[in-house]
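Hi,

Here is the structure I promised to pass on to you. Have a look at it first, and then read my notes below.

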Amino acid sequence: MSQASASVDLLLRGYRAFVAGDLEAIENMLDPEVEWVGVGAVAGVADRADVLEILQGRLQEQYSVTLDRCIGIGDRVVVSMRFSRSEPDATDERPLQSRRTYHVGRYAAIVTTRNGRVVRVDEQPSLAAALEAAGVEDEIL
């Protein structure tokens, strides 16, 4: 299996584990000193416990997550996802209320893997920005 294929496979297993709520599986996929760099943020080392705490919070928010693109480039994977959820109106006690708030968003990142583990996640403002940062032209994909 090529490095790109192994990296994509790792990311897909992580995505499936997240959707299933299996944080233990994700923990085994993260390097103990994984770096997670937010959009516009300065890099800082976060340990697995910090990342797992954030992911636990995301699970509790009950977003539906859909993986749109997953592009392997050596030991890196450019990923694009959509997330959504609806939230009932707290002032409406009807069980089938029509007034709801809908939250929809997009997520893009470059995920770097090494020795079968995620070592770095660089969040990007968009898929186009992630592709550019990874040195890939969107038109060829």
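Predicted model: local features only at pLDDT ≥ 70, side-chain atom pairs only at ≥ 80, totals over all residues.

The chain exposes about 8600 Å², an area that comes from the Shrake-Rupley method with a 1.4 Å probe, where for residues only the protein chains shown count as cover. Residues are numbered from 1 along each chain as its sequence is written, and side-chain values use heavy atoms, with hydrogens and water left out.

Now the overall layout. You will find 4 helices and 5 strands in the chain; these are DSSP runs numbered from the N terminus, with helices being H or I of at least four residues and strands being E of at least two. Starting at the N terminus, the order of elements is α-α-β-α-β-β-β-β-α. The C-alpha trace spans about 55 × 35 × 30 Å along its principal axes. Of the 141 residues in the chain, 31% are buried (buried means under 20% relative accessible area, exposed over 50%, partly exposed in between, with a 1.4 Å probe and protein chains only). Among contacts (heavy atoms within 4.5 Å) with a separation of 6 or more, 51% are between residues 24 or more positions apart.

Next, the charges. The chain carries 15 positive and 23 negative side chains, and the centres of the two sets lie 5 Å apart. Here Lys and Arg count as positive and Asp and Glu as negative, with His and the chain ends not counted; each charge is placed at NZ of Lys, CZ of Arg, CG of Asp or CD of Glu.

How many salt bridges does the structure hold? There are 6, each one a side-chain nitrogen of Lys or Arg within 4 Å of a carboxyl oxygen of Asp or Glu. One of them joins Asp 68 and Arg 82, at 2.8 Å from N to O. This pair links distant parts of the chain, with Asp 68 in strand S2 (residues 64-73) and Arg 82 in strand S3 (residues 76-88), 14 residues apart. Asp 68 is partly exposed at 30% relative accessibility, and Arg 82 is partly exposed at 39%.

Asp 68 also forms a salt bridge with Arg 106, where the closest N and O atoms are 3.0 Å apart. Because Asp 68 lies in strand S2 and Arg 106 in strand S4 (residues 100-114), this pair ties together parts that are 38 residues apart in sequence. Arg 106 is exposed, with a relative accessible area of 55%.

Another salt bridge brings together Asp 122 and Arg 120, at 2.9 Å from N to O. Shared partners join Glu 35, Arg 120 and Asp 122 into one network of salt bridges. Is Asp 122 buried or exposed? Asp 122 is buried, because its relative accessible area is 15%, whereas Arg 120 is partly exposed at 24%.

Also in strand S5 (residues 117-124) is Gln 124, which is buried with a relative accessible area of 17%. Leaving out residues up to four places away in sequence, Gln 124 touches Val 39, Ala 108, Ala 109, Ile 110, Ala 129, Ala 130 and Ala 133.

Finally, look for the negative surface patch formed by Glu 33, Asp 47, Asp 50 and Glu 53. Patches are made of residues with over 30% relative accessible area and no salt bridge, with like charges joined within 9 Å and nonpolar side chains (Val, Leu, Ile, Met, Phe, Trp, Tyr) within 5 Å. Asp 50 sits in helix H3 (residues 48-60) and is partly exposed, at 38% relative accessibility.

Enjoy exploring!
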